[in-house]
Amino acid sequence: MIHPVLAWILLMLLLAVEVLAALLHVGWLAWAAAPVMIVVVALMFMHVAQESPLRRIFAITGLVWIAILLSLGSADFAARHNYPAPQQVIGVR
Amino acid sequence: MAEPRGFQYASAAHETDTARAGMWLFLASEMLFFGAIVYVWMVLRITHPQGVVLGTSHTNLILGSINTALLLTSSFTLTLGVMRARAGQGAAAARCCLLTAGLGVGFLALKGLEWGLDLHEGLWPGPGFAPWGDDVGGARLFMCFYWVATALHGLHMVIGVGLLAWAARLAWRGPMAGRHVTAVEVVGLYWSFVDTVWLVMYPLIYLVARP
């Protein structure tokens with residue numbers, strides 16, 4: 001197991017990358033760093049990989065639920081621009 | 001020597017298994033709870049893109065980033081506490097828990113300072129809302145998201161600090177075995193989860209739509 005100090009240093013570097021990406025307007029980098037940081041916390045601090053199968057299923061189930069919520073929930077809003085409802089006025093903020 | 005455990009469990013290991021599984025199940029429900037807030041941000045980003053940019057431009061990147069560093073460090077110190085607890089070092093584990101709680105209180109204090117500055121700047125989405133222009137409606141909605149998200153996360157932090165104090169007390173009094181180790185471990189799971197929630201909220205509030 002990697003020592004938590006290394007995980008902490010890695011997280012601080014990733015935080016610096018996030019801030020720089022936002023200041024330099026590199027949008028995808030700010031997007032990409034956050035999931036990596038979450039994976040580092042889950043593996044190094046929460047020790048997900050060392051959990052029993054049941055507890056890993058609980059953790060993964062949470063991710064599956066959230067994927068369903070965000071994907072199905074935003075499908076309408078994401079497609080609404082391409083397929084406007086008859087009564088919808090495009091471009092209204 | 002019998003390890004301290006609840007009467008309904010066959011062994012201390014049985015209690016640890018149950019407690020950790022219960023915490024993971026609770027965290028899975030918490031993912032949905034905070035997922036709904038992330039969903040609100042996604043919908044705002046699609047329906048009011050310029051309003052989200054206007055709202056984000058008023059958030060305090062410096063305080064937000066310092067707070068992120070504090071929270072990541074607190075997760076690290078609590079991981080050290082869990083390692084100490086597993087090694088049977090009660091006093092060291094209690095000190096790590098208290099240090100973590102201190103960092104959490106630091107986070108909350110900075111958050112309070114930031115909220116004060118936000119109110120001073122007129123970022124409460126009510127009468128006297130300061131941002132102006134064509135996109136002010138979207139900015140108002142973004143600020144609703146901001147206050148709800150940070151308040152709910154702050155509430156979780158307050159609960160976490162209380163749990164840390166409880167785990168520190170158990171670790172301090174000992175014996176550092178059985179359910180007392182489990183307490184530190186389970187609080188560690190909760191605390192790191194609240195940390196990951198902030199790792200999601202931080203880019204949404206401060207970074208992604210920064211103009």
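Predicted model: local features only at pLDDT ≥ 70, side-chain atom pairs only at ≥ 80, totals over all residues.
1. Fold of chain A. Chain A has three helices and zero strands, so that its elements, read from the N terminus, follow the order α-α-α. The domain assignment divides the chain into domain 1, covering 1-50, and domain 2, covering 52-83, and the C-alpha centres of these two domains of chain A lie 22 Å apart.

2. Overall dimensions of chain A. The radius of gyration of chain A is 19 Å, whereas a compact globule of 93 residues would have a value near 12 Å. The C-alpha atoms of this chain fill a box of roughly 60 × 40 × 15 Å along the principal axes, and 22% of its 93 residues count as buried.

3. Contacts between the chains. On the side of chain A, 35 residues are in contact with 41 residues of chain B. The elements of chain A that each give two or more residues to this side are α1 (4-23), α2 (27-45) and α3 (53-80), and the largest share, 15 residues, comes from α3(A). Sorted by class, the side of chain A that touches chain B has 26 nonpolar, six polar and three charged residues.

4. The nonpolar core. The largest nonpolar core has 81 residues, and those with the most contacts inside it are Cys97(B), Ala167(B), Ala171(B) and Val184(B). Helix α6 of chain B, residues 179-207, provides the largest share of this core, with 20 residues. Leaving aside residues up to four places away in sequence, Cys97(B) touches Leu78(B), Gly81(B), Leu164(B), Ala167(B), Ala168(B), Ala171(B) and Val184(B).

5. A cis peptide bond in chain B. Gly174(B) and Pro175(B) are joined by a cis peptide bond, with omega about -5°. Pro175(B) is found in the loop between α5 (136-173) and α6 of chain B.

6. Positive phi values in chain A. His25(A), in the loop between α1 and α2 of chain A, has a phi near 60°, which is a positive value in a residue other than glycine. His47(A), in the loop between α2 and α3 of chain A, likewise has a positive phi, near 55°, and is a residue other than glycine.

7. Surroundings of these two histidines. His25(A) counts as exposed because 10 other C-beta atoms lie within 10 Å, and the cut-off for that class is 12 or fewer. His47(A), with 17 C-beta neighbours inside 10 Å, counts as partly exposed.

Key. Residues numbered from 1 in each chain as written. Chains lettered and ligands numbered in written order. Contact = placed C-beta atoms within 7 Å. Helix = DSSP H or I, 4+ residues; strand = E, 2+ residues; numbered from the N terminus. Nonpolar A, V, L, I, M, F, W, Y, C, P; charged D, E, K, R; others polar. Core = buried A, V, L, I, M, F, W, Y, C linked by C-beta atoms within 7 Å. Buried ≥ 20, exposed ≤ 12 C-beta atoms within 10 Å, placed from the backbone. Domains from an automatic or database assignment. Rg over C-alpha atoms; globule rule 2.2 N^0.38 Å.
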